[in-house]
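Trainee: Could we go through this structure together? I would like to begin with what the database record says.

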Amino acid sequence: MGLRYGCLVEDVITGLSIQSQGWKSVYYNPTRKAFLGLAPTTLLQTLVQHKRWAEGELQILFSNYSPAWCSLTMISVGLRMGYLHYNLWATTCFPTLCYSIIPSLCLLLGIPLFPKIYSPWFIPFAFVILGESIHNLSEFLIIGGTIKGWWNDSRVWLYKGTSSYLFAFIDNVLKFFGLSDSPFIITAKFMDEDVSQRYEKEVMEFGASSPLFTVLATLALFNLFCLLATLKELFLSEGGVRVYEEMLLQVLLCCFLVFINFPIYQGLFLRMDKGSLPTSTAIKSIALALSACVLSKILI
């Protein structure tokens, strides 16, 4: 809870204003929990909350309390870099979208992005991809997490980067040009009995229609369509060997994106409960994904 208002993340800007006056902060983690609270239990609640956080953090970056230029002698370099990491959350939507779209798009078009598997240059790319994943997983396990938790954390990271942060950046641009205002949206943290039961079973909750879900479903279906088209060429056409030799890493990356989006496919096609994705979202996302695939083939 912050004391300075007029910002979507009033607690952060309150802390910055206090530290800019010379106060120091410390990390304090007592054995007995000092504060208890409720966290979002549905995907939409999580995405909306992170959209608000990312939007507010980017607002701080261009405010009078920006850690980029405010109180240069009062805030240490390490703390300043920590603040900037969160201030730039919204801008990470662009590399995340590139990661989600470009490899699959190039796979669909037959454009290799990585060296052939028999080339010595294949090894550095494979090392970076595997090394980063193993390092990330090992860090997660060291702090007490599980493999399943790491997988779900990676999934939510992808969802936030391609929806919450994207809309947060767009809203900041619209506000900058005076075309929109940023209302303070309170995240609902209550749930009915059906939602609670699905939450206990670790079933992802969709339920409502939202532009955030339309973006996620469109990207998930686009990756699925690209993978299916590639597998068709791999097994049913004469160019299958070329696909294997030149685009193995792209195929694996596309497979990763399809597997990580499996809850969305369930919500679109397999689930019949109230927590599934609405039919309107399914129709829009299928149309958008198919249009993207067809237009890519025609125009590129």
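Trainee: Which residues does UniProt list for "transmembrane region"?
Mentor: The UniProt entry, which is unreviewed, lists residues 88-115, 121-144, 165-186, 206-231 and 243-262. Please keep in mind that the coordinates we are viewing are a predicted model.

Trainee: How much helix is there in residues 88-115?
Mentor: That span is 61% helix and 0% strand, and its end C-alpha atoms lie 32 Å apart.

Trainee: And what about residues 243-262?
Mentor: There the chain is 90% helix, again with 0% strand. The end C-alpha atoms of residues 243-262 are 24 Å apart.

Trainee: Changing topic: what volume does the largest pocket have?
Mentor: Its volume is about 1,900 Å³. The lining comprises 48 residues, and those nearest the centre are Asn 152, Asp 153, Ser 154, Arg 155 and Val 156.

Trainee: Which helix supplies the largest share of that lining?
Mentor: Helix α6 does, with 13 residues. Helices that each supply at least two residues include α2 (43-61), α4 (93-109), α5 (122-142) and α10 (248-260).

Trainee: How do the lining residues divide into nonpolar, polar and charged?
Mentor: The lining of the largest pocket has 27 nonpolar, 13 polar and 8 charged residues.

Trainee: On to the surface, then. Which residues form the nonpolar patch?
Mentor: The patch consists of Ile 102, Ile 111, Leu 113, Val 294, Leu 295, Ile 298, Leu 299 and Ile 300. Together they have about 770 Å² of accessible area.

Trainee: Which helix gives the most to the patch?
Mentor: Helix α12, residues 279-299, gives the most, with 4 residues. Leu 295 is found in α12.

Definitions and conventions:
Residues are numbered from 1 along each chain as its sequence is written. This is a predicted model: local features need pLDDT of at least 70, side-chain atom pairs count only at pLDDT 80 or more; totals for chains, interfaces and linings use all residues. Side-chain values use heavy atoms; hydrogens and water are left out. On a 1 Å grid over the protein atoms alone, a cavity is a set of points where a 1.4 Å probe fits but cannot get out, and a pocket is an open set with protein on both sides within 12 Å along at least five of seven lines; lining residues have an atom within 4 Å of a point. Grid points are joined across faces, edges and corners, and a volume is the space filled by probe spheres set on the points. Ala, Val, Leu, Ile, Met, Phe, Trp, Tyr, Cys and Pro count as nonpolar, Asp, Glu, Lys and Arg as charged, and the others, Gly among them, as polar. UniProt positions are given in the numbering used here, feature names are shortened, and annotations may be inferred rather than shown by experiment. Patches are made of residues with over 30% relative accessible area and no salt bridge: like charges are joined within 9 Å, nonpolar side chains (Val, Leu, Ile, Met, Phe, Trp, Tyr) within 5 Å. Accessible areas come from the Shrake-Rupley method with a 1.4 Å probe; for residues, only the protein chains shown count as cover. A salt bridge is a side-chain nitrogen of Lys or Arg within 4 Å of a carboxyl oxygen of Asp or Glu.
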